[in-house]
Amino acid sequence: MKALYNIATKIIAGTLPLAGNFNHKLKLFIRGRKSIFNTLEKKIQPAAQYLWFHTASLGEFEQALPIIEEIKKDFPAYKILITFFSPSGYENKKKHPLADIITYLPLDTTANAKRFLELVNPKMAFFIKYEIWPNYLAGLKKRSIKTLLISGAFRKDQIYFKPYGSFMRNALSSFDHFFVQNQESVQMLEKIGFSNVSLSGDTRFDRVSRQIEQDNKLVVIEEFLQQKPCFVMGSTWPEDEELFLKFINTTAVNIKFIIAPHEIKESNLNKLQEKIQKNTIRYSKLKNYNPEDFKVLIIDNIGLLGRIYSYASIAYVGGAAGKTGLHNILEPATFGIPIIIGENHSKFPEAIRLKQLAGLFSVSNATEFTAISNKLLQEDDFREKTGMIAGHFINSNAGATKIIMSYLHKNQL
């Protein structure tokens, strides 16, 4: 299996340049990796000690951030290196002030792993959630570099638990400790012989719980809302739009809507705006007009959604209407507001649990979306109770960062 994995990785590396001609994200993926080693050679300080955090994309970065923040306070002598796998993560966070170096992760070949680890020589490595790269992990183990999995999530349908998954199970043996999100993950790892596991929870709860303590004021949003109720549709895709656009176009409720698409390409924004029958304005143009004249605001920049949720009466979180994957429901939940999502959320334990608690609603079509939206808007007690459940869900699940930092202190990072 190892030989097949390495052959497949080399084939992928060879064919990516061609594929990049037809896909913008792949083009960024390829272009960003061309200069990784040159960047590292220029920026790595040989006398410094680095802690390496590897994240797939934005969601995993949010899980890493609470740990990085605490390490910067408790262990300021270390420098922080963050690597991303995806362009959406790297392009949005490549200038984040908490990191000393931010790059893409070179593809997981034996040669790349060897060169990367020789250059960085990290004191410790942190892999987030699902990021299991066998060659990097083997290199870390060979160098006796302590390696942790943060906010890990394991399910019985993953390759590690299949009869043919021995190669990937062996990769897991490189971790010194697993910090996992739920009891199922603990049990799945124990079944294949791993006892070095702690049920810590998800560090995203710590991340979002701090959001409510920050300054979330956005004057432009307040001017647009004019103290009216607000329905925020966050991180949406075209499949999500099929659920909520009819409601936006037909509802007679005196409410304002804010839509924050996941992708803000001009063509996507134009298509969305054409489908909306009420007065609509983009965030970038709002300052040039009277905000009272518009019912719908489309967010056409990155980085505001977490603060915008603080103004919401209800939130719809995108990604689960199609197959792209549910986006972060914890961001709106921390503000104590009801949440609506699509039907494809079986791989997201936080959504399953919050739905069981009745703080979240899953819909499969526009009719269901309209029904639950009307109920939440028309019944104040129902909306407030649902929101309280969501807020309590965040508060009761915070604390993963404290558990992980206790481990780091005990093990003398």
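## A covered strand in a predicted model

Strand β8 (residues 230-236) is mostly covered, since seven of its seven residues are buried, where buried means under 20% relative accessible area, exposed over 50% and partly exposed in between, with a 1.4 Å probe and protein chains only. Helices (H or I, at least four residues) and strands (E, at least two) are DSSP runs, numbered from the N terminus. This is a predicted model, in which local features need pLDDT of at least 70 and side-chain atom pairs count only at pLDDT 80 or more, while totals for chains, interfaces and linings use all residues. Residues are numbered from 1 along each chain as its sequence is written, and side-chain values use heavy atoms, with hydrogens and water left out.

β8 pairs with β9 in the parallel sense over six bridges, where two strands count as paired if DSSP finds at least two bridges between them. The bridge partner of T236 in β9 is P261.

## The sheet that contains β8

Seven strands form an open sheet with parallel pairing, in the order β10-β11-β9-β8-β12-β13-β14. At its edges are β10 (280-282) and β14 (360-362), each of which pairs on one side only. From one strand to the next the twist averages 20 degrees, with axes taken as lines fitted to C-alpha atoms, for helices over the stretch in contact, and angles running from 0 to 180 degrees between N-to-C directions.

Strand β9 (residues 256-261) also pairs with strand β11 (residues 296-298), in the parallel sense and over three bridges. In this pairing I258 stands opposite L297 of β11.

## The sheet that contains β1

Another open sheet of seven strands with parallel pairing has the order β3-β2-β1-β4-β5-β6-β7. Its edges are β3 (101-104) and β7 (197-199), each with a single partner strand, so one side of each is left without a neighbour in the sheet. Here the twist averages 20 degrees from one strand to the next. Strand β1 (residues 50-55) runs parallel to strand β2 (residues 79-84), and six bridges join them; F53 stands opposite I82 in β2.

Helix α4 (residues 58-74) packs on this sheet and touches β1, β2, β4 (124-128) and β5 (146-152), its direction making about 165 degrees with that of β1; contact here means heavy atoms within 4.5 Å. Helix α7 (residues 134-142) lies across β1, β4 and β5 and runs at about 155 degrees to β4.

In helix α6 (residues 110-120), the residues N112, A113, F116, L117 and V120 are buried. They cover an arc of only 120 degrees around the axis, which puts them on the same side of α6; the arc is that of the directions from the helix axis to the C-beta atoms. The buried residues of α6 pack against α3, β1, β2 and α7, and just after the helix N121 takes a positive phi of about 45 degrees.

In helix α3 (residues 36-43), I36, F37 and L40 are buried. They cover an arc of only 90 degrees around the axis, and therefore lie on the same side of α3.

Helix α17 (residues 366-378) and helix α18 (residues 380-397) pack at an angle of about 100 degrees, with their axes 5 Å apart. The two are therefore roughly perpendicular to each other, a term used for angles of 65 to 115 degrees, whereas those under 35 count as roughly parallel, those over 145 as roughly antiparallel and the rest as oblique. I372, K375, L376, L377 and Q378 in α17 meet D380, F382, R383 and T386 in α18.
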